[in-house]
Amino acid sequence: MPREEFPREPTSHPGHRLPHDATASTAPPASGRPQTGALSSGRPRIIALDVLRGFTLCEILFANIQLIANHGTAVVTQPMGDWDPWLGLPIFSLLFGIGFTLLLDSAADRVSRPWLVLLRRLVALLAIGLVHMVLWPGEILTKYAVVGVLMLLPSSWLPRWAVAGLAAVLVPVALFGGGGPLLIAGLFLLGSALVRYGVIERIERSTRGPLLLGLVFAAGAASALWVHAQVETGADPMQPSFPSSLADLLIAGVVVCALLVLLRTPLRPVLRVVFAPLGRMALTNYLTATLLVLAASRILGLPVGQSLQVAFVTAGAILAAQWLLSALWLRRYRQGPLEWLWRWATWARRPPFSRVGT
């Protein structure tokens, strides 16, 4: 499954409600309010979202590296044999919906037409995706932009219960159809609903919740895989069935819950060091990974598209280089270079680049 896009720096207070929610706050923003998507940011980031984004970015590169090298577009095939690379779509679609709503929340306190800020953001994403498509037809940014304009942006005028209800309808309907843009839309809305119901506000505070939910997801995935095994005989192996699609989605949920639980353990510093730099510069890393894969296969002549072992080693080398560059870059700059340009397009004003005091 192609790789996915990434929500930008969700630094606003995730518990704040959008104006159309029943629990909306009417108090004016205090000085020092978080600056999600604004020109500066004064509140700590949500580390769990950075870690999730960085982890999934790694999985996505391993899943798609041979497709990129071969200039291929796989939607339902598994390019690495029995290992299923579908985790990236659900996780990053969910994160995109979360980031979109956090940014809309911030924009509502700063401009009279917050929808225009988000529209500019999606149009800029579409332009980036169209350029990226020249290098790799399987890229997903264009779909994210189109689905965002058609579904996510209009949903910002709906009450949160309607957004959650639409997500609950779209996701299972999309699974029956094998995924596609409808699933992206459903997961976008699910991410938005999680913000508007305050779930993201508590994402760093609970261990029991993610643990119990992860166990439920694991039981559901095991059941779905068992059902899929019973009906697999005679089915088209290139067409995903509802049980297999459901199992993929639930496994993605298990991965998310497992990472959230691990972030509540002494492993938190390790996960933060390993994955957060990649996640904070995910758009830059996503796009430059394509360039690096093409350079490895076409300039260096490595058989990335033919040898799974070479593909794995190349992906690992690319991620290691990107991690080092991201960690060094973020010591001096607020965000990655493409993230900075995307923010400029979003707010139609030049944001600060270097960190204060550097």
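This is a predicted model: local features need pLDDT of at least 70, side-chain atom pairs count only at pLDDT 80 or more; totals for chains, interfaces and linings use all residues.
## A first stop: Glu204

Residues are numbered from 1 along each chain as its sequence is written, and side-chain values use heavy atoms, with hydrogens and water left out.

So what does Glu204 pair with? Its side chain meets that of Arg268 in a salt bridge, 2.9 Å from N to O. (A salt bridge is a side-chain nitrogen of Lys or Arg within 4 Å of a carboxyl oxygen of Asp or Glu.) The pair ties together distant parts of the chain: Arg268 sits in helix α9 and Glu204 in the loop between α6 and α7 (208-231), 64 residues apart. Arg268 counts as partly exposed because its relative accessible area is 24%.

## The other salt bridges

How many salt bridges does a search of the whole structure find? The count is 3. In general, side chains of opposite charge can pair when their charged atoms come close. Another of these pairs is Glu201 with Arg205, where the closest N and O atoms are 3.9 Å apart. Glu201 is partly exposed, with a relative accessible area of 23%, while Arg205 is exposed at 53%.

Then there is Arg53 with Asp50, whose side chains meet at 2.9 Å, N to O. Are these two buried or exposed? Both Arg53 and Asp50 are buried. They lie in helix α1, 3 residues apart, or about one turn of the helix. As a rule, an α-helix has 3.6 residues a turn, so residues three or four places apart point the same way.

## The whole chain

Step back, and the protein chain shows 12 helices and 0 strands. Helices (H or I, at least four residues) and strands (E, at least two) are DSSP runs, numbered from the N terminus. Of the 358 residues in the chain, 51% are buried. The chain exposes about 15,600 Å², and carbon and sulfur atoms supply 69% of that; accessible areas come from the Shrake-Rupley method with a 1.4 Å probe, and for residues only the protein chains shown count as cover.

## Inside: the nonpolar core

A nonpolar core is a set of buried Ala, Val, Leu, Ile, Met, Phe, Trp, Tyr and Cys residues joined through side-chain atoms within 4.5 Å. The largest one here has 80 residues, and Leu61, Phe96, Ile98, Leu118 and Tyr144 touch the most other members. Helix α1 (residues 47-69) gives this core its largest share, 13 residues.

## Helix α6, well wrapped

Why is α6 described as largely enclosed by the rest of the structure? Because 12 of its 16 residues are buried. The cover over those buried residues includes α2 (88-108), α4 (141-155), α5 (160-176) and α8 (242-262). From first C-alpha to last, α6 reaches 23 Å, close to the 22 Å expected at 1.5 Å a residue; that expected span is 1.5 Å times one less than the number of residues. Just after α6, Gly198 takes a positive phi of about 80°.

Leu189 counts as buried because its relative accessibility is 0%. Leaving out residues up to four places away in sequence, Leu189 touches Met151, Leu152, Ser155, Val163, Leu166, Ala167 and Leu170. Ser192 is buried too, at 3% relative accessibility. With the neighbors up to four places away left out again, Ser192 touches Gly97, Ile98, Thr101, Leu152 and Val163.

One of the members, Leu324, lies in helix α11 and counts as partly exposed because its relative accessibility is 45%.

Conventions: Buried means under 20% relative accessible area, exposed over 50%, partly exposed in between (1.4 Å probe, protein chains only). Contact means heavy atoms within 4.5 Å.
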